[in-house]
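Here are a few friendly notes to read with the model open beside you. Take them in order, and turn the view as you go.

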Amino acid sequence: RWCYSSIPFEELCQAAKEIGLESIELTGPEEWEIMKKYGLTSAMGWGKYPEGVGLTNFFANPANHDALTAFYEDLIPKAAAAGIKNLICLSGNRDGRSDYENLLNCQKGIRRIIKTAEKYDITISMELLNSKVDHKNYVCDRTEWGVILCEMVGSPNFKLLYDIYHMQIMEGDVIATIQKYHRYISHY
């Protein structure tokens, strides 16, 4: 959705349907009803994050856990009611914390919402982003780090959003990585 934010949303839905698309990613509850009118869904949903929370400041920062818990506890049932199966989440930046400390922080935050995700059969999907070019200091910048987090959370309702562009920059050899870790990936 963010790529086409200058187009009024209903026009975007109409055009998407006309060219045969089935999904518009990164849409939220206020858009899901409009999408239904056009027979569209959102393969990866999201919502308006709490104030101060965003790409660089998310689950890795424990100060955000209360706000993120409230946010997802509200969003998950809405997504389920709209037929949305995946909701995006982010790690945020390292901000001087070790990767291990950030794993523990993300695990603690995600575990607070995972029972609700399981109850509603929603998958929470953490996006892998590169920290070399576009998102300096981003924590979840390697597939193996994300896989370890999946194992730590221990739920089939927490997986990775595998962004091929970003992982090509960070790791290369994306085909071998996908083959090795596909069971941890909810969306490409």
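1. A word on angles before we start: those under 35 degrees count as roughly parallel, over 145 as roughly antiparallel, 65 to 115 as roughly perpendicular and the rest as oblique. Axes are lines fitted to C-alpha atoms, for helices over the stretch in contact, with angles running from 0 to 180 degrees between N-to-C directions. Helices (H or I, at least four residues) and strands (E, at least two) are DSSP runs, numbered from the N terminus.

2. This is a predicted model, where local features need pLDDT of at least 70, side-chain atom pairs count only at pLDDT 80 or more, and totals for chains, interfaces and linings use all residues. Residues are numbered from 1 along each chain as its sequence is written, and side-chain values use heavy atoms, leaving out hydrogens and water.

3. Look at helix α5 (residues 143–153) and helix α7 (residues 174–181): their axes cross at roughly 10° and come within 11 Å. The two helices are therefore roughly parallel to each other. Thr143, Glu144 and Val147 of α5 meet Thr177, Lys180 and Tyr181 of α7 (contact means heavy atoms within 4.5 Å). The residues of this contact divide into two nonpolar, two polar and two charged.

4. Next, helix α2 (residues 29–37) and helix α3 (residues 65–82) have axes that cross at roughly 0° and come within 10 Å. That makes α2 roughly parallel to α3. On the α2 side Pro29, Trp32 and Lys36 take part, meeting Leu75, Lys78, Ala79, Ala81 and Ala82 in α3.

5. Which residue forms a salt bridge with Lys36? Glu33 does, with the closest N and O atoms 3.8 Å apart; a salt bridge is a side-chain nitrogen of Lys or Arg within 4 Å of a carboxyl oxygen of Asp or Glu. Both residues lie in α2, three residues apart, about one turn of the helix. The structure holds 11 salt bridges.

6. Finally, the lining of the largest pocket divides into 20 nonpolar, five polar and four charged residues. Ala, Val, Leu, Ile, Met, Phe, Trp, Tyr, Cys and Pro count as nonpolar, Asp, Glu, Lys and Arg as charged, and the others, Gly among them, as polar.
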